[in-house]
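Hi everyone, thanks for coming.

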Amino acid sequence: MKKQRPIELLAPAKNLECGIEAINHGADAVYIGAPRFGARAAAGNSLEDIAELVKYAHLYRVRIYVTVNTILRDEELKETEAMIWDLYRVGVDALIVQDMGITRLNLPPIPLHASTQMDNRTPEKVKFLAEAGFRQVVLARELSLDEIGRIHQACPDTPLEVFVHGALCVSYSGQCYVSQACYGRSANRGECAQFCRLGFDLVDADGKVIAKNKHLLSLKDMNQSENLEALLDAGASSLKIEGRLKEVSYVKNVTAYYRQKLDAILKRRKEYVRASSGTVKLTFKPQPEKSFSRGFTDYFLHGRNPGIFSFDTPKSLGEEVGVVKEIRGNYLTVAGVKPFSNGDGLCYLDEQGRLQGFRVNRVENNKLYPQEMPRLKPKTRLYRNYDQEFEKLMQKKSAERKISVEMCLEENNFGFTLTLSDEDKNRVSVTLAREKELARVPQEDNLRNQLGKLGNTPFELETVELRLTDNWFIPSSELSDLRRQAVEKLLEARRITYPQERARWMETQHAFPTKELTYLGNVMNQEAEAFYREHGVERIASAFEKQQPDGAVLMFCKHCIRYSMGWCPTHHRVRSPYREPFFLVSGDGRRFRLRFDCKACQMRVLAEY
């Protein structure tokens with residue numbers, strides 16, 4: 001029989017609460033920011049909170065990955081080393097890192113995962129990382145199924161992590177320097193200024209304005225929910241939800257949605273198995289369109305397509321709910337099938353393409369009474385970016401995760417033995433020393449009822465077997481105490497048998513795919529430079545953050561504005577009516593020149609001074 005491949009649903013956590021709810025709603029693994037040096041500087045967490053999350057997660061065989069994925073200054077390495085040892089001591093399962101300098105520190109035997117900030121796009125790069133010792137590699141979001149498949153074929157034993165949902169960076173991760181160049185805030189240091197969500201004018205070489213104040217670098221959000229099986233077949237083994245800055249309602253909803261999608265696949269495809277324990281029961285229907293979204297795209301998974309951008313607004317549109325049918329004094333009527341609630345937040349694009357919004361004060365069937373009447377016209381398309389009733393559900397307990405157990409109560413020479421077996425093949429027994437006495441009434445129902453009261457424990461009873469030779473009497477209080485002892489013993493057994501992976505970093509000297517690293521190598525410290533020299537790199541430039549070279553490309557984008565306008569010489573074979581080069585002009589007057597590399601199928605953004 002072919003070896004089964006564990007499949008991991010990986011959810012984000014801004015904080016401890018989000019992490020626990022990600023687990024409750026079906027995550028097989030959770031990634032969370034370290035106290036310092038994570039690529040979302042605003043999402044750091046205390047060591048105490050991470051320790052608490054680890055303890056909770058490991059009960060369900062859920063892994064905790066901590067992000068330490070910024071590039072580091074020389075003076076930060078010692079502090080990073082101490083922090084890594086602290087994370088190891090509290091039981092963290094792996095670190096997601098970008099800076100190769102970390103590999104030369106005195107590390108505990110903790111697995112390292114290669115962050116997408118390393119720009120992991122090719123079989124050669126991924127193979128190098130795997131041979132260096134990285135236990136999992138996070139691939140670039142821009143890859144197609146074929147490209148993922150080729151990487152898997154080259155590295156069949158390396159777990160590949162792919163993004164399946166959430167916000168998209170327009171530039172290849174780790175290859176964006178515009179925030180540093182314009183604002184002194186490095187994306188590679190966790191301080192991205194969200195430049196790509198700004199409005200720009202698109203201007204040609206003659207100064208003609210092609211587009212006015214459009215969000216030309218803003219993309220829709222990724223949604224691969226219909227492509228999960230294809231991703232697994234291509235070689236992905238970890239399906240990652242973006243969102244370490246998202247609120248808990250987003251984490252609950254989106255994690256639960258992908259859990260259901262993935263479970264349906266695992267039920268049919270026995271060669272894939274779940275990576276953690278427990279069954280999730282929900283009190284709501286997961287609907288990703290109810291959470292923050294700019295509209296959805298499957299990006300480049302099936303090749304280039306025109307539906308990836310969101311030029312009108314970088315904000316959340318939410319779900320489409322209908323069109324305005326009629327406007328009267330203080331209310332409007334909507335043609336659509338979606339129900340509304342008092343307090344809903346609705347939005348629309350006005351005649352200038354700008355996002356406008358209003359709050360619904362009162363609802364009468366399809367009549368909506370806003371707090372203030374918006375300026376809109378009949379046939380305007382409406383979206384709901386805040387669903388009052390759904391958010392109320394998300395504020396309550398919305399999921400429960402239980403590990404199935406089997407119980408067996410049998411008699412022994414001194415009394416009785418209760419044995420518990422869980423779904424991970426842990427087995428414990430406790431005994432009750434008690435002289436046997438016959439009961440006056442049948443006891444089977446009472447025994448099953450008392451033993452099945454697992455209440456607030458992580459366990460759920462699947463079966464109870466009674467191996468008794470007669471109708472013995474056992475007081476309910478003694479049965480409860482026996483059950484409590486067995487549960488505590490099983491919890492301890494699960495902690496002891498948790499399959500914690502250990503991986504000591506070993507020095508290697510195999511060749512890096514290239515002999516030269518420009519500023520794109522993000523080499524910030526002497527240890528990172530030493531790592532690359534040991535692996536055959538002869539010429540190494542410093543990170544952009546240290547030198548800011550003149551004429552440097554600030555963004556490398558698979559998204560192409562010329563393609564989005566219908567003027568791609570390769571795909572559309574239509575010549576632009578405007579003279580190149582094109583420029584993006586921001587609201588504060590900064591100019592950026594666009595360079596189109598058709599051979600690499602890329603758009604590049606450069607500062608124009």
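Which residues do ring pairs link into a cluster? They are Phe128, Phe512, Phe531 and Tyr532. Before I go on, please keep in mind that this is a predicted model.

Let's stay with the rings for a moment. The count comes to 21 aromatic pairs. One of them is Phe195 with Phe592, an edge-to-face pair with 5.0 Å centre to centre and 70 degrees between the planes. Phe195 sits in the loop between α6 and β9, while Phe592 belongs to strand β30, so this pair ties together parts that are 397 residues apart in sequence. Phe195 counts as buried, at 2% relative accessibility, and Phe592 is buried too, at 1%. Now look at Phe309 and Phe311: their ring centres are 4.2 Å apart and their planes are at 20 degrees, so that pair is stacked. Both Phe309 and Phe311 are buried.

Now over to the helices, starting with α1, residues 16-24. Its axis comes within 9 Å of the axis of α2, residues 47-59, and the two cross at roughly 10 degrees. α1 and α2 are therefore roughly parallel to each other. On the α1 side, the contact includes Leu16, Ile20 and Ile23, and on the α2 side Leu53 and Tyr56 are among the partners. By class, that contact has 6 nonpolar, 2 polar and 2 charged residues.

α1 also packs with α8, residues 248-268, at an angle of about 15 degrees, with the axes 9 Å apart. That makes α1 roughly parallel to α8, and their crossing is right-handed. Here Glu17, Cys18, Glu21 and Ala22 of α1 meet Val248, Val251, Lys252 and Thr255 of α8. This contact divides into 4 nonpolar, 1 polar and 3 charged residues.

Key:
Residues numbered from 1 in each chain as written. Predicted model: local features only at pLDDT ≥ 70, side-chain atom pairs only at ≥ 80, totals over all residues. Heavy atoms only, no water. Axes fitted to C-alpha atoms, helices over the stretch in contact; angles between N-to-C directions. Helix = DSSP H or I, 4+ residues; strand = E, 2+ residues; numbered from the N terminus. Parallel < 35°, antiparallel > 145°, perpendicular 65-115°, else oblique. Contact = heavy atoms within 4.5 Å. Nonpolar A, V, L, I, M, F, W, Y, C, P; charged D, E, K, R; others polar. Left-handed = near helix turned anticlockwise from the far one by under 90°. Phe/Tyr/Trp six-rings, centres within 6.5 Å; stacked < 30°, edge-to-face > 60°. Buried < 20%, exposed > 50% of the residue type's maximum accessible area, 1.4 Å probe, protein only.
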